[in-house]
Amino acid sequence: MRPCQQLPKCPCSANEFKTMRAETEAWNASADRRRSLRVPLHWTVYLTCHGVPHPLRSTTENLSRGGFYCCVTDPLTPGEHIQCDIVVPTHASQNPEAILFLRCCAQVLRVELLAHGYGLACRIDDFSVLQRTRDGKKLAARAAETCTLN
């Protein structure tokens, strides 16, 4: 085994080194390390929680393939598993009566106290695509597709 080589001394002063280290730590703290791009989509979402008789209606602030952020008036619990239906706009649909939903199994990751309610960061664990008409009937032309996230 070879002996370790001694590294040359840093050419900067101790104060310069502290400043560089502080700048690096600040950059690392502010860097967004998410695996998926977040898109600022404002889509209606209905959250179904354990023990709540009716779904909570909200609007997403942003959405990615792995999750979403929305605001609600009552807090949920981090770690809680919820079902949610995200309403996907179908502006270019051949059937103007069509409504597209992403039915998601999600987990609440973070709850933030806001000035007017609570912010929820949710991870989507699994989802399926549901296509309905405005009266709630399934469209015969397309069956629901089930997708699983890795």
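How many Å² does the accessible surface of the protein chain come to, and what percentage of it belongs to carbon and sulfur atoms? In this predicted model, the accessible surface of the protein chain comes to about 11,200 Å², and carbon and sulfur atoms hold 55% of that area.

Because the model is predicted, local features need pLDDT of at least 70 and side-chain atom pairs count only at pLDDT 80 or more, while totals for chains, interfaces and linings use all residues. Residues are numbered from 1 along each chain as its sequence is written, and side-chain values use heavy atoms, with hydrogens and water left out.

The protein chain contains one helix and seven strands, both taken as DSSP runs numbered from the N terminus (helices: H or I, at least four residues; strands: E, at least two). Read from the N terminus, the order of elements is α-β-β-β-β-β-β-β. The chain has 150 residues, of which 29% are buried; here buried means under 20% relative accessible area, exposed means over 50%, and partly exposed lies in between (1.4 Å probe, protein chains only). Among contacts with a separation of 6 or more, 49% join residues 24 or more positions apart, a contact being heavy atoms within 4.5 Å.

Attention now turns to the charged side chains. The count of salt bridges is three, each defined as a side-chain nitrogen of Lys or Arg within 4 Å of a carboxyl oxygen of Asp or Glu. One of them pairs R103 with D85, with the closest N and O atoms 2.7 Å apart. This pair links distant parts of the chain, since R103 sits in strand 5 (residues 98–114) and D85 in strand 4 (residues 81–88), 18 residues apart. R103 counts as partly exposed because its relative accessibility is 31%, whereas D85 counts as buried because its value is 13%.

Another salt bridge is formed by E112 and R110, whose closest N and O atoms are 2.9 Å apart. E112 is partly exposed, with a relative accessible area of 28%, and R110 is likewise partly exposed at 35% relative accessibility. In the pair R123 and D125, the side chains meet in a salt bridge at 2.9 Å, N to O. With a relative accessible area of 34%, R123 is partly exposed; D125, at 29% relative accessibility, also counts as partly exposed.

Note on methods: Accessible areas come from the Shrake-Rupley method with a 1.4 Å probe; for residues, only the protein chains shown count as cover.
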